[in-house]
Amino acid sequence: MKSLTITASHAPAGLVLEVAGDLDHTNAQQLRHSAQETALPPGRLLAMDLSKLEFCDSSGFTALIAVRNQVVSAGGEVVLVAVTANMRRLLHLTGLDQVFDIRDTVALLTDR
Amino acid sequence: MSPPTGGSDGPGRGVPSTRAAFSALLEDSAEDLYESAPCGYLSTLMDGTVAKVNATLLNWLGLSRDEVVGRMRFSDLLTVGGRLYHETHFAPLLRMQGHLGGIALEMRTAQGSRLPVLITSTVKKTDDGEPLLIRTTVFDATDRRAYEQELLRARRAADEARKQAEADRERLREALAVLQQSLLPATLPDIPGVETAGHYHTASPFQLGGDFYDLFPLDGDDRFAFFLGDVCGKGPQAAALTSLTRYTLRAAALHDPDPVTNLRDLNTALLDRYTGDDPRYCTAVAGVLERAGDTLNVRLASGGHPPALVLRGDGGVEYLSTPGGMLVGALPGAQFVQVRVTLRPGDTLLLYTDGLTEARIGPHRELYGYEALASFAASLAPSGPHRVIDALTELLSGFGDGLDDDTALLAVGLPARTDTGSRDRA
């Protein structure tokens, strides 16, 4: 098991959270807290960069959904960026690929 | 202001005072050293009669020299238990070895209290090698004994706590097992002409899992509803969610046996119960079995759940893909997708949770995955539900540490016609 590292950085369109390592029931709260602390203004974008996410269990998915619900209810948008093949498979299986905006790179955000 | 000069004077004063202490020590008489030593000394004749004893020991025992010397034996100074030990072990060993050290005994004081001591004895011999007398040192072991008793007490307390914790753990394990069982059907219903089998693999006896399945009659012997799923998370909260999910799906199916509607009802129930900040969801397959002649028509809807697998009587294997079906309970207006499949004699429908397909196997912890499952199923097909479940149960136990999630399995099938024929002939 790898530990979870969440790194925040600002982009013109909003905020990027790089979620790296293993996201599971032991640390999923950390992602929720990180997202809550950002206090994104309405109309802005929260991008979660998942390129270094190596594992995500059901609690991890719960956290992703909770973050999405929170940002959307505050008038923002959520984008998942650089999703690994395994994660993409799970997002497809759970139908979440219909709910999350999934993009290949963070570069797109900076153009907004 | 001048610097302090004390530092240079110090050693000058120290040397003479050390010298004074040394000379005082040298003037110390051997007699005084014997009498006032920090340990007890006594010498006895070979029969144990005390010949000489120092003031320290007399003081500890509260006895006068006249009471002891020539009148008492060493063993008279001991408690009953100490005396017994002395007679049976100490004295014989000492006679044999000529020396005995560090033996714990108890002496009895004049006031009647016990004095725990450590005894060391040496036999002094004549030039001819004949035993002459026994010299004994006695150390007051009161502090040591108290320390040992404290250790023993602490150890007993730790043992008690450990036993209590083990008992609590066992009670917890039993309670969890009962709770877990309550979330699964005690037995699967007997459906004439249809074979069914289920299995629940518990990853940890101390962690309630969140997988569930059920199979129950809708009306008579012709229609049955089933479901199988996996709630998010683990532990008591997952169990509560499982309970809500299971009874909602059961009630929904009895009310309107339409799998997509049933999953929508569950979606509404879960969203109503759990808010956006605290989403709780499950993935589930729900379906209805309907007999039609010698076939079984299956309608099955999936909400974000791994695809069901059909093992055909002709040896083929196919996944029942339901792309687009979403997690149940996470999002308002979630979409669920239905598929239909007809089971003929010899076909088996297998439902499973992702504990199976997401297991990590081998030294590199590779994902077991759908392809491996399909190959495994192909090696079994054609196979009835019991054989399929038995083989998968064995497969799961073979995963060992790679399987850290609970796994539910449910299989429904129609026995092959040839099977029935051969049984009839036999």
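How many helices and strands does chain A have?

1. The model under review is predicted. In it, chain A has four helices and six strands. Their order along the sequence of chain A is β-β-α-β-β-α-β-α-β-α.

2. Chain A comprises 112 residues, of which 38% count as buried. Among the contacts in chain A with a separation of 6 or more, 73% are made by residues 24 or more positions apart.

3. Turning to the interface, 16 residues of chain A are in contact with 16 residues of chain B. Helix H2 of chain A, residues 58-73, supplies the largest share of the side of chain A that touches chain B, namely nine residues. That side of chain A has 10 polar and six nonpolar residues, and no charged residues.

4. Two packed helices are described by the angle between their axes and the distance between the axes. Helix H7 of chain B (residues 235-255) packs against helix H8 of chain B (residues 259-273) at an angle of about 140°, and their axes are 9 Å apart. Angles over 145 degrees would count as roughly antiparallel; H7(B) and H8(B) are therefore oblique to each other. The crossing of H7(B) and H8(B) is right-handed.

5. Which residues make the contact of H7(B) with H8(B)? From H7(B) come B:Leu244, B:Thr245, B:Thr248, B:Leu249, B:Ala252 and B:Ala253, while H8(B) contributes B:Asn262, B:Asp265, B:Leu266, B:Ala269 and B:Arg273. By class, the contact of H7(B) with H8(B) has six nonpolar, three polar and two charged residues.

6. As to the interior, nonpolar side chains tend to be buried together in soluble globular proteins. The largest nonpolar core in the model has 104 residues, and B:Val328, B:Leu349, B:Leu350, B:Leu410 and B:Ala411 touch the most other members. The largest share of this core, seven residues, comes from H2(A), the helix that also supplies the largest share of the side of chain A that touches chain B.

7. B:Leu349 may be examined individually. With its neighbours within four places in sequence left aside, B:Leu349 is in contact with B:Val298, B:Ala308, B:Val310, B:Leu343, B:Ala411, B:Val412 and B:Gly413.

Conventions: Residues are numbered from 1 along each chain as its sequence is written. Chains are lettered from A and ligands numbered from 1 in the order in which they are written. This is a predicted model: local features need pLDDT of at least 70, side-chain atom pairs count only at pLDDT 80 or more; totals for chains, interfaces and linings use all residues. Two residues are in contact if their C-beta atoms, placed from the backbone, lie within 7 Å. Helices (H or I, at least four residues) and strands (E, at least two) are DSSP runs, numbered from the N terminus. Ala, Val, Leu, Ile, Met, Phe, Trp, Tyr, Cys and Pro count as nonpolar, Asp, Glu, Lys and Arg as charged, and the others, Gly among them, as polar. A residue is buried if 20 or more other C-beta atoms lie within 10 Å of its own, exposed if 12 or fewer, and partly exposed in between; C-beta atoms are placed from the backbone. Axes are lines fitted to C-alpha atoms, for helices over the stretch in contact, and angles run from 0 to 180 degrees between N-to-C directions. Angles under 35 degrees count as roughly parallel, over 145 as roughly antiparallel, 65 to 115 as roughly perpendicular and the rest as oblique. A crossing is left-handed if the near helix is turned anticlockwise from the far one by less than a right angle, and right-handed if clockwise. A nonpolar core is a set of buried Ala, Val, Leu, Ile, Met, Phe, Trp, Tyr and Cys residues joined through C-beta atoms within 7 Å.
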